[in-house]
Amino acid sequence: MNSSHMENCIGATPELEYGQMNIGSRPSKRKPSGGIESLRAIPWIFAWTQTRFHLPVWLGFRAAFKHVIEKDVKNLQMLRDMYNQWPFFRVTMDLIEMVFAKGDPGIAALYDKLLVSNELWPFGEKLRANYEETKRLVLQVAGHRDLLEGDPYLKQRLRLRDAYITTLDVCQAYTLKRIRDPDYHVKVRPHLSKEYMESSKPAAEFVKLNPTSEYAPGLEDTLILTMKGIAAGMQNTG
């Protein structure tokens, strides 16, 4: 995995638009023309959180665990002892497990399909396979059969939020597609009746939220609302 691949794969997230819309207190990059090495940590993590893939959180754990376990099968028990006896290691593992519980590689695949070129799809598939193996190893080390086995309350809360966050993710992915691809067109719903439109002031005001946007009408507002909604549902934004 090299920086060129990662720079292209970041296109499967809203990181570019996040930077252009100046959301947050600082620019998303230290150098506007810089590559992946100039990214700031918070926008980088925020972008991958939006797509439910959380790449910066878990990437690298698979290689580390696999190396230790393959070196000596007895090391798996050592890792389990660390989990049970070393609070720092346990908290770290529990946080990674929580991130997997909030993740959804199927959503990440949708972003890939809509927003990156076909030649990068195999790389995305490789990352998603890495995701699944890392999740399996995390559960193995923790001695859990299922994610959040030790926190059923959080598990239930995430289950209740999932339908809403997934809907926002799909809306965001297609909004990004419309922003980036001028040739991509969607079938517009039939116009509402004149009487309804005249009585629906909030809807009219929504369209005027950001009249100076460089994007087509409503797209930037929609993107910002999906970002806020997904961030509220994830509660881990960077």
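Colleague: Is Asp 94 buried, partly exposed or exposed?

Modeller: This is a predicted model, and the class follows from the relative accessible area. Buried means under 20% and exposed means over 50%, with partly exposed in between. Asp 94 has a relative accessible area of 30%, so the residue is partly exposed.

Colleague: With which residue does Asp 94 form a salt bridge?

Modeller: The partner is Arg 90, and the closest N and O atoms are 3.9 Å apart. The cut-off for such a contact is 4 Å. Arg 90 is also partly exposed, at 34% relative accessibility.

Colleague: Where do Asp 94 and Arg 90 lie in relation to each other?

Modeller: Both belong to helix α7 (residues 87–102); because they are four residues apart there, about one helical turn separates them.

Colleague: Which residue pairs with Arg 180 in a salt bridge?

Modeller: Arg 180 pairs with Glu 17, at 2.8 Å between the closest N and O atoms. Arg 180 is partly exposed at 28%, whereas Glu 17 is buried at 1%.

Colleague: How many salt bridges does the structure hold?

Modeller: There are 11 salt bridges. One of them joins the side chains of Lys 177 and Asp 181, at 3.4 Å from N to O. Lys 177 is buried, at 18% relative accessibility, while Asp 181 is partly exposed at 22%.

How values were computed:
Residues are numbered from 1 along each chain as its sequence is written. This is a predicted model: local features need pLDDT of at least 70, side-chain atom pairs count only at pLDDT 80 or more; totals for chains, interfaces and linings use all residues. Side-chain values use heavy atoms; hydrogens and water are left out. Buried means under 20% relative accessible area, exposed over 50%, partly exposed in between (1.4 Å probe, protein chains only). Helices (H or I, at least four residues) and strands (E, at least two) are DSSP runs, numbered from the N terminus.
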